[in-house]
Amino acid sequence: MSVKTLYNPASLSKPELIESFVVRTKNFEKIFSDIKSSDMKYPEKHFLIQGQRGMGKTTLLLRLKYEIENSPDLNDWLLPVFFGEESYDLTSLSRLWEKLLDFLDDALDTDGEHFNHTEAFIDFEDYEKRCYEYLIEVLQKNKKKLIIFFDNFGQLFLENLKEKEKRRLREILMHCSEIRIVGASAIVLQDLHDYSEPFYEFFQIVRLDGLNKEETYQLIERLQEKSEQKIDLRKAKGKIDTLAILTGGVIRTLMMVYQVLLEDKDGSALNDLETILDQITPLYKSRIEELPVQQRRIVDVIAKNWDAISAKEIAAQIREDGKRLQTKLVSAHLAQLEKNNVIEKKQTNTKNHFYQLRERFFNIWYLMRNGDRRDRRKVKWLTKFLEFWYDDEEGMDSFLERHIERLKSGSYNSKSALLLAEALADINKINTIILDQLMEATLAILNEDQKPLLNMGQKKLALATRSFKDGDLKRAIHILEGTKEKINSHRFVLSFFYFLDKQIEKIRPELLLLDDVDYEDFDFLKQLSVLAKDPKLLVDVLNKNTKIKQGEKDLAIGEAFFEVGEYDLAENHYLKAVEAGEIVPYKHLSMISFEKGDDIRAEELMVSGFEQGAVKVSDLLEFYEFHFDQESEDKSKKLLELLPKDNPYYNFYHGLEIFNSEKFKSDKFDDAILYLEKALIDFDKINVRDIKFTQLISNLLFYNIEVSLDKQKLKSLLERLEEAEIVPSFLKVYAAFGYTVLGEYKKANEFLSSDSVLKDSIELDSLGGNFNDTILLFLAKKQYHLALGLFTKNEVLKEVFKPTYYALMTLLKEDYPNEVIKMGEELNQPVNDILERIEEMKLEYA
Amino acid sequence: MKNSLGNPARGAAFYPRESEVRKIYRVLDKGTSIYLSAPRRVGKTSILKHIEEFPQEGYFFVYVITESVDSENEFFKVIFEALIRSEAIGKLSKLYDTIKGGIESVLGRVKTVYHVEIREKGETDYFQILTDLFENIKPEFGHVVILIDEFPQTIQNILNSDGNEAAEHFIQKNRELRHHRHVLDKIHFVYTGSLSLFPMVEKVTELTAVNDLRTVEVAPLSLVEAQDFLTKLLEYDKVSLSVPLIRYVLEKMGWLIPFHLQLIAQEIVDVFEASEGGEITEKSIDQAFDQIVHLRNKPQFEPYFARLSALFKGNEYNFVFDVLEFIALQETISIDKILDFGVKHSVEETRRIMDILEGDGYLFKSDEKFYRYTSPILQMWCRKHICK
């Protein structure tokens, strides 16, 4: 069965359809046995088969029809009629009677007599009633009954009836014993049925839910029978189960995915899928357009995510007039969408549920038709299916090898090849070498228009980067070396990989082949020549460069020499750059002088740079901070006066100055904190997170813990600490202490148990004291076992913080009675002191 | 016995409601027309179709359903056409040549050739024609009874399309027909429908317009009947339940109307089939009850609640749903709480509304102070699908 016939079961011949009917057999038997056992003396119950698209409704209707045609007991009196999805003109009751009369003319060979009879009723107000009564008369006269198999019964027919027709229909359904209806109705996105319509109660609803695991297995087993590429079904049981879940058990999606994954020898399944997507576009589009705008955007986010996603994540991706959508609002819409069957909720243990589009095929359509042509999300669904089906490397490799063979055979559909290549490109576990071959094989069969779509250069880069991330540097280099038509990016990345692989000698020849480097890559080039310790390379590459100004070239070359410590050459080029009109690199020149031992010149350069506006006052302050003499401190003070109030470092340096010079706990000291708290706001504005930020936070933390102990501020400071780029051990210990004060012991323990903290606390006395204090606070807060954990993690701690350890053992003596006994007598006093201190702390930090 | 869930039960699927049928004849014997009252889905239509098909000696029944009818003249036309096509008239005219001529002369005014009516100038007055037809029927031939289903709906239709005056006229015209000299003591009517008649009439005119009708209530099945009915339904699907289990089901159901018995039978069969022949226990019965409120039965329940929106509007509607939801969750509601809801929704006539809900079979008063659901099944549905 091709993918196309999946969408039109009516195009299958009767024996073909009967032969391929393997699931839904219970539904079939149930309905058929009802039909078979009914003589239709009285009005019989009607059936309405409901389910998403692709659940097998049409096939079930046709199967029933064929069975009636094949049953000698039935076919002499019961005439089955099938109205397919294309019966667009069937929108009124009278039209239904006309069509049935027309059908009877065929079935009874009456050459249009019955249909033509309705001519006489034209223009009568009760035309419909007359047609109906005539139809019944014809049926009774011929001793026939009708059973109508009506596909898309809800949307095509019921929804178009006028109020009065609906009530008529109810009367007829209730009392007519000549006609019986088996309808099928799709729940596409929203279940539009208004069950308050009274005629629905005459229908027995048969809901076709997704196939369960067992049924999916049966279906695939049957599909396998004709397949050349047989899979071991018993081994694949787990996968088939997952496939049932991923497709929602929708037969059509299952079969489509099956064919694309396992049966597609020439890409025709994917190509057919494209055709079908086009056919279905108007329907799905109109369904989307029926949704309110905000729901449309929510559906967009969910669809593009493919996997289930939480309300919070959805909210984070939607902005309205520059504002984020509230999660509460998103949840309300989600509830509505769920009620309308657009999405389904995946329950989790927590309050955060996940949501995905209920109809997986609709999701496929959405991705394929709403992503732009180069949008990788377009084939996300395919990626996911491939990924799970070939979940072991071996299976995936052999699939790829097969696919490469097929590509090479020359008959593979190029558009499908492109889709598959895109899908495979995103699977992380694929062997990158094979993937590389696959890309080459795909490229070979694409026509000139399609080639750019594969975006080969970018793919190669991605492949190489992935290999690198996977830890396979050699393979990354191999892929890049094999790239035809390299552009600068390839050469840069390749050179960087050479550096990592210690093939420094290969960097120079590679970079010499660069095309004219532009400003964008200029910096990377400079870095590479520094890494290669070859500033001369920069000179050579830039030699013939036309895009970059000479002065800037010299500046960069100067920097490169500066970085590798060749100060003379650096100075040389810097001066050339200055000659060419570039701004004097005061800081570097100052550092060169400093290195040469010429402090005076160094300071001169900084000061004149400052005067020229090229050196920031904060840089100058930093310069003086390295000089601990009184003179520098005085200069610092003076400079501070120069610092304008609106300078972002104004508050920081003022605070720091007081903090360093004033006595702890003096009145002025509080001023320092005011400055520093303002500095924090300043830093946020210009996003300072470097060492200055660390310095700032640690001072504030110190003050909070030692002086003010304001828990609310403490909490926010600790949160801010997360942003710091640099967090030295002493600060981690502070943080641990702070978190313990707040009662967040887990967090405290994370900081305290980090390797660097343990190591430094053991080695550095200054840190050890604070570390010990934190453990004491643990004990004051009854976190005995966290403390014990630390001692167990590192045995040396027991030795270094012996009194504390035994204090802990005293507290835990019921659990570890033997441990306290080991304690030497000389420790009695220290341990008692500690236990007392713990008692004090209980009050201090209550 | 085949489960005819959804359709009016007919033939072998009809469970004989002997006491209800006897009640109807008792009133008819006295020469009174009837309003057959019962909440929806209790089996009114099935009873009417049954007595039409199997009439007592001396009775001729003609059944019409006028759900789609939305004008007075059409209403009488439907009755007229049903009459002349009915076996009743066929039998009468065969039996008694005297009326044959009379009927033919009436028919002469509405020539029907293969349903093509050649109309005279102007619109045919079917009320007139109908009374002319009745004139030819002699009381000694027997009782002719016209069974009119969905009559209140017809009033509603006329009200919707032509307004209050037309609806009032329609009700009065029916009264006039019943009291017509050619009709009185000779032709009788049984009205019924899934909307309650009296609130509908009250909406349009005075209740006196129908005070000549005798109300006959259709009661639920008795315990013995229900037990018998359920056993027979299950037998058809080859499921057999011990008497204690059947009693267990019936106790859980509370309100023993055929429709709910059909529903639970369907679900028990479903559970039985899913268990592939396993033994049915109280647990499986509980499961069947849980399944009743599955969405697939929506078409069976939704009209129960949807019709309330036709009966009540605005504040009254909100009041009704607050009450229904409250009872769904709390089992009962006290009069005090009802009054509280009344204040909340500015509804003063709480008593009238509660009477409708009771009369239409949603609720019953368990003692003077509390209302509860007539049926735990309805309560379950409301709790699962209506409550927010």
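## Contacts and make-up of chain A

In chain A, contacts with a separation of 6 or more are counted, and 65% of them join residues 24 or more positions apart. The model is predicted. Chain A holds 48 helices and ten strands. It has 846 residues, and 37% of them count as buried.

One pair shows such a separation. Lys715(A) and Tyr739(A) are 24 residues apart along the chain, yet their C-alpha atoms are separated by 7.7 Å. Lys715(A) belongs to helix H39 of chain A, residues 711-721.

## Two helix pairs in chain A

Two packed helices are described by the angle between their axes and the distance between the axes. Take H24(A), residues 456-469, and H25(A), residues 473-481. They pack at an angle of about 165°, and their axes are 7 Å apart. Angles over 145 degrees count as roughly antiparallel, so H24(A) and H25(A) are roughly antiparallel to each other. Their crossing is left-handed. On the H24(A) side, the residues that meet H25(A) are Lys460(A), Leu463(A), Ala464(A), Ser467(A) and Phe468(A). Their partners in H25(A) are Leu473(A), Arg475(A), Ala476(A), Ile479(A) and Leu480(A).

The second pair is H40(A), residues 729-742, and H42(A), residues 755-763. Here the angle is about 105° and the axes are 9 Å apart. Angles of 65 to 115 degrees count as roughly perpendicular, so that is how H40(A) and H42(A) are arranged. Ser729(A), Lys732(A) and Val733(A) come from H40(A). They meet Ser756(A), Val757(A) and Asp760(A) of H42(A).

## Positive phi in chain A loops

Asp111(A) has a phi near 55°, a positive value in a residue other than glycine. It sits in the loop between helix H6 (93-107) and helix H7 (113-117) of chain A. Asp111(A) is exposed, with 10 other C-beta atoms within 10 Å.

Asn687(A) also belongs to this topic. Its phi is near 60°, a positive value in a residue other than glycine. The loop that holds Asn687(A) runs between helix H37 (667-686) and helix H38 (691-708) of chain A. Asn687(A) counts as exposed, because it has 9 C-beta neighbours inside 10 Å.

## Helix H1 of chain B

Now to chain B. Its helix H1 covers residues 18-29, twelve residues in total. From first C-alpha to last, H1(B) reaches 16 Å, close to the 16 Å expected at 1.5 Å a residue. Glu20(B), Ile24(B) and Leu28(B) are buried in H1(B). They cover an arc of only 75° around the axis, which puts them on the same side of H1(B). An α-helix has 3.6 residues a turn, so residues three or four places apart point the same way.

The other side of H1(B) carries exposed residues: Glu18(B), Ser19(B), Arg22(B), Arg26(B) and Asp29(B).

Note on methods
Residues are numbered from 1 along each chain as its sequence is written. Chains are lettered from A and ligands numbered from 1 in the order in which they are written. This is a predicted model: local features need pLDDT of at least 70, side-chain atom pairs count only at pLDDT 80 or more; totals for chains, interfaces and linings use all residues. Helices (H or I, at least four residues) and strands (E, at least two) are DSSP runs, numbered from the N terminus. The expected span of a helix is 1.5 Å times one less than its number of residues. A residue is buried if 20 or more other C-beta atoms lie within 10 Å of its own, exposed if 12 or fewer, and partly exposed in between; C-beta atoms are placed from the backbone. The arc is that of the directions from the helix axis to the C-beta atoms. Axes are lines fitted to C-alpha atoms, for helices over the stretch in contact, and angles run from 0 to 180 degrees between N-to-C directions. Angles under 35 degrees count as roughly parallel, over 145 as roughly antiparallel, 65 to 115 as roughly perpendicular and the rest as oblique. A crossing is left-handed if the near helix is turned anticlockwise from the far one by less than a right angle, and right-handed if clockwise. Two residues are in contact if their C-beta atoms, placed from the backbone, lie within 7 Å.
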